[in-house]
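Dear colleague,

I am passing on the structure we talked about, placed just below, and after it come my notes on what was found. Please read them with the model open beside you.

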Amino acid sequence: MKKIALSPGDPAGIGPEICLKSLQEINNPKDFELIGDIDFYRKLSKDLNLNLSFEETLHTKNSILVKNIKLDSEVVSGSPNVLNSKYTLDVLLTGSLGAINKEYAALVTGPINKKIINDYGFEFSGHTEFLADISQTKNVVMLLANSKVKVALLTTHIPLNKVSESISTKKIIETIKILNENLKRLWKIKNPKICVLGLNPHAGEGGFMGSEEIEIIEPAINALLSEKICVEGPISADTAFIKEKTSKYDAYLAMFHDQGLPVLKSMGFGDSVNITLGLPFTRISVDHGTAYELAGKNKADFSSFKRSMELALEFSS
């Protein structure tokens, strides 16, 4: 089996820590290749009191294989450094291109600070958009999942006042088709049931609180139903996630980032992972950010990174 690439994210955040902790705890670390500065990982492993060894060419049975990319500047845990933005991007790009070229079976990524990358002069709105761009994939879907619920997003990292103008019937149809296909392929769900949330309070209440449900969302749902895709909605988001409904649906489509993700994370923060659907390779990430306030304190919860690695193995087998 080809190895799975690990891109830990911002070196000043908790990404490298949770990555190394996951490598120590996971049953099959030999199935992964860690990308980044080998000397940085060696020092961090020692600081965290982990029993890990690293090699660029494996000679020792229990060593971690590293594709060595040198840091551009010293890392101070908890202090983001724009001078290491290029390094962070190079690590991500190496893993991404390797996955695109089938050198890796999958890619697991840690959290990145979007502001620091943009301050460096590189336009970066998130992993999802970056990976779609470099793989020349027109339509991708950001899905977060845990043991209780799966939530896909119609729009991702955009301001709230841009959401309404960014949704369309065509986009909803394309997104749900990708979601439906991957629920079948990755989770082996024979006939997925998908709930589509409304955009407005009470799903517009018949047009009284907004017309997007009538003009945009309902036509998409009708078109999908005509293609025998099991989809329901638009459902008011305020009651969509009650227990009776989460047990009924295999996944939800939220209209915007903070419509669905607060509910998902409240149900299983740390247990959740972020999966980019529609790419020509498998990409899975953690459900949280860089958490600079925890970096360097050996207190970061690595469960989401470890779960991302486990799921990457499962999907790649």
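A search of the whole structure finds 13 salt bridges, a salt bridge being a side-chain nitrogen of Lys or Arg within 4 Å of a carboxyl oxygen of Asp or Glu. Please bear in mind that this is a predicted model, in which local features need pLDDT of at least 70 and side-chain atom pairs count only at pLDDT 80 or more, while totals for chains, interfaces and linings use all residues. Residues are numbered from 1 along each chain as its sequence is written, and side-chain values use heavy atoms, with hydrogens and water left out.

Among these salt bridges, Glu-174 pairs with Lys-170, with the closest N and O atoms 2.6 Å apart. Both residues sit in helix α7 (residues 169-187), 4 residues apart, which is about one turn of the helix; helices here are DSSP runs of H or I with at least four residues, and strands are runs of E with at least two, numbered from the N terminus. As a general point, an α-helix has 3.6 residues a turn, so residues three or four places apart point the same way.

Helix α7 also contributes Lys-177, whose side chain meets that of Glu-227 in a salt bridge (3.1 Å, N to O). Glu-227 lies in the loop between α8 (212-226) and β9 (231-235), so the pair ties together parts that are 50 residues apart in sequence. Glu-227 is partly exposed at 43% relative accessible area, and Lys-177 is partly exposed at 34%, where buried means under 20%, exposed over 50% and partly exposed in between (1.4 Å probe, protein chains only).

A further salt bridge joins Glu-232 to Lys-248, with the closest N and O atoms 3.2 Å apart; this pair links strand β9 to the loop between α9 (243-246) and β10 (251-254), 16 residues apart. Separately, Asp-37, Asp-39, Arg-42 and Lys-70 are linked in a network of salt bridges.

Turning to the domains, the chain is divided into domain 1 (4-137 + 279-316) and domain 2 (141-266), with bounds that come from an automatic or database domain assignment. Their C-alpha centres lie 30 Å apart, and 7 residues of domain 1 are in contact with 7 residues of domain 2, contact meaning heavy atoms within 4.5 Å. Across this interface the rule finds 0 salt bridges.

Best regards
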